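This text leads through a protein model one part at a time. Please keep the sequence and the 3D view at hand while reading.

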Amino acid sequence: MSEDHVASDHRLKDRAEKPGVTCPHCWHKFAPSEALAVARTSALGPDPVVAGEPLRFLPSRFNRAGNPIDPAGAECTELACSRCRATITRSNLSAKPVFVSMVGGPQSGKSFLLSSAVRRMRQALPDMGYRFVDASPSENQRIVDLERKLFEPADPAAPIREQTDPQREVRAFQFHLKPELLHQADDFLLVLYDNPGEHFLPNHDRGTKATRHLARSKIVIFVLDPLAERGIRARCIPDHPLVKGWPASGGYSHDTPPPNLFLSEMASRAMKFKGVHSLDQIHTRLIIAITKSDLCPDLYKHIGEYPCTTPGPGGRMAGSRIQSVSRDVAAFMDDTAREFASTVRAIDPQAIYMPVSVLRPNPAASQAAGERFECTAMDVQPKWAEAPFLYAALSVVHHQTGGR
Ligand SMILES: Nc1nc2c(ncn2[C@@H]2O[C@H](COP(=O)(O)OP(=O)(O)O)[C@@H](O)[C@H]2O)c(=O)[nH]1
Ligand SMILES: [Mg+2]
Ligand SMILES: [Zn+2]
């Protein structure tokens with residue numbers, strides 16, 4: 001098996017999405033011709049179903065560019081799902097969706113990781129022979145905003161603040177992935193779900209609805225905060241403000257349940273949504289992304305010097321390195337976070353562990369401002385941030401293109 005064939009994965013087998021459109025919000029399947037258009041003319045009134053939104057209608061007239069024309073003659077650029085009427089993109093009509101759910105407790109580093117990963121993928125994927133573009137620029141804006149704060153800051157010395165609103169509705173982040181080297185390969189749509197951590201607390205009302213994407217995703221990226229696992233925290237740099245300040249600093253608290261609880265809750269919801277009765281029937285490939293690895297030398301040693309892809313044109317994922325790091329980290333987990341590791345094994349015996357980091361170790365400019373640790377753009381130096389997302393996307397793509 002060559003390095004870039006990251007996984008020809010039995011868990012991904014026989015579950016390819018059927019042709020047609022799958023709504024990324026309600027997962028209804030429909031034909032492209034059933035997609036609704038979103039009217040551009042406000043005089044047509046609001047939509048009778050979606051309060052406060054422009055009218056949705058089944059288009060019958062199109063212009064030369066293939067865009068629908070609304071009853072008042074205006075060109076429409078937005079489309080909507082025929083069932084839930086939420087907006088979709090033109091990529092949803094043509095590209096095969098690859099659903100990936102990201103799960104993790106509050107403050108575990110999900111938003112930092114995702115924005116860094118997307119930044120890195122914008123560079124790495126073209127080198128690997130894929131075009132990678134935002135498919136839903138307005139939905140992706142939250143990622144792009146944090147990307148700017150991390151990588152193009154107006155003031156590199158200003159603290160980076162990111163707050164995810166636990167009340168917000170979950171939206172799908174979508175990226176169009178076009179294999180340019182694979183002859184006649186399909187286009188893919190990477191659909192990523194990022195819930196606020198609170199949604200995974202047991203009995204969270206909104207969370208139960210907002211995590212239904214778990215039924216769809218063949219791959220879950222579980223974001224593990226090393227500080228939230230006592231045994232790993234004991235192996236972290238003791239005088240780092242985040243480690244020293246535990247649990248009062250950085251927004252963590254004694255009320256945040258341990259990662260194991262988030263993982264078990266994720267698994268029990270996946271069972272419920274998929275209508276199965278045991279963990280081994282979920283058939284989810286689990287990638288454990290251990291964030292903030294800069295705080296833990298035992299983890300950072302695997303990623304500090306070694307990229308997860310080979311550099312330059314024709315780059316590939318460093319498949320054998322990823323596997324060997326995963327084995328080493330699995331052994332480390334058995335030493336430091338045994339209970340968590342055994343839950344992981346029960347869900348997916350071949351789960352992949354990936355240490356990741358957004359900040360450089362021992363950041364010179366990091367500060368503990370009052371009670372709260374704050375980093376600046378000068379501390380940003382991602383290592384393996386893109387690895388979980390690249391691995392997830394490429395394992396599905398390779399599987400569906402027969403590893404071409
Ligand atoms: N040392 C370190 N801290 C990080 C890293 N990523 C995130 N953090 C810290 O963790 C906080 C929470 O991260 P965020 O991505 O907003 O967490 P979310 O609530 O899971 O989305 C950030 O404000 C940073 O202070 C990392 O790679 N290393
Ligand atoms: Mg967040
Ligand atoms: Zn829908």
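C84 is partly exposed, because its relative accessibility is 29%, a value between the limits of 20% and 50%. The model to which this value belongs is a predicted one.

What is the phi of W27? W27 is not a glycine, yet its phi is positive, at about 65 degrees. Most residues other than glycine have a negative phi. W27 is buried, because its relative accessible area is 14%, and buried means under 20%.

K292 is another residue with a positive phi, here about 55 degrees, although K292 is not a glycine. It belongs to the loop between β12 (285–290) and α8 (297–300). With a relative accessible area of 15%, K292 is buried.

Back at β6, the loop that runs between this strand and α1 (90–94) contains T89. The relative accessibility of T89 is 12%, so T89 counts as buried. Which residues does T89 touch, leaving out those up to four places away in sequence? They are L79, A135, S136 and Q174. T89 also has a polar contact with a residue close by in the chain: a polar atom of the T89 side chain lies 3.1 Å from the backbone nitrogen of S91.

The next stop is ligand 1. There are 16 residues around ligand 1, and those that come nearest are Q107, K110, F112, D294 and V358. Two of the elements, α2 (110–127) and β14 (357–359), each supply at least two residues of this shell. Several backbone atoms approach oxygen atoms of the ligand. For V358, a backbone N or O atom is 2.8 Å from an oxygen atom of ligand 1. For Q107, a backbone N or O atom is 2.9 Å from an oxygen atom of ligand 1. A polar backbone atom of L359 is 3.5 Å from an oxygen atom of ligand 1. Ligand 1 taken alone exposes 580 Å², and the protein buries 94% of that area.

S326 lies in helix α9 (residues 319–336). Is S326 buried or exposed? Its relative accessibility is 6%, so S326 counts as buried. Leaving out residues up to four places away in sequence, S326 touches A351, I352 and Y353. The C-alpha atoms of S326 and A351 are 8.5 Å apart, while the two residues are separated by 25 positions in sequence.

G231 has a relative accessibility of 25% and so counts as partly exposed. Between G231 and A337 there are 5.8 Å in space, C-alpha to C-alpha, and 106 residues in sequence.

It remains to look at the protein as a whole. The protein has 11 helices and 17 strands. It consists of 404 residues, and 54% of them are buried. Among the contacts with a separation of 6 or more, 73% are between residues 24 or more positions apart. The pair of S326 and A351, 25 residues apart in sequence and in contact, is one example. The accessible surface of the protein is about 17600 Å², and carbon and sulfur atoms account for 51% of it.

Terms used:
Residues are numbered from 1 along each chain as its sequence is written. Chains are lettered from A and ligands numbered from 1 in the order in which they are written. This is a predicted model: local features need pLDDT of at least 70, side-chain atom pairs count only at pLDDT 80 or more; totals for chains, interfaces and linings use all residues. Side-chain values use heavy atoms; hydrogens and water are left out. Buried means under 20% relative accessible area, exposed over 50%, partly exposed in between (1.4 Å probe, protein chains only). Helices (H or I, at least four residues) and strands (E, at least two) are DSSP runs, numbered from the N terminus. A polar contact is a pair of N or O atoms within 3.5 Å; within protein, one must be able to donate a hydrogen and the other to accept it, and residues adjacent in sequence count only if both atoms are side-chain atoms. Contact means heavy atoms within 4.5 Å. A residue is near a molecule or strand if one of its heavy atoms lies within 4 Å of it. Accessible areas come from the Shrake-Rupley method with a 1.4 Å probe; for residues, only the protein chains shown count as cover.
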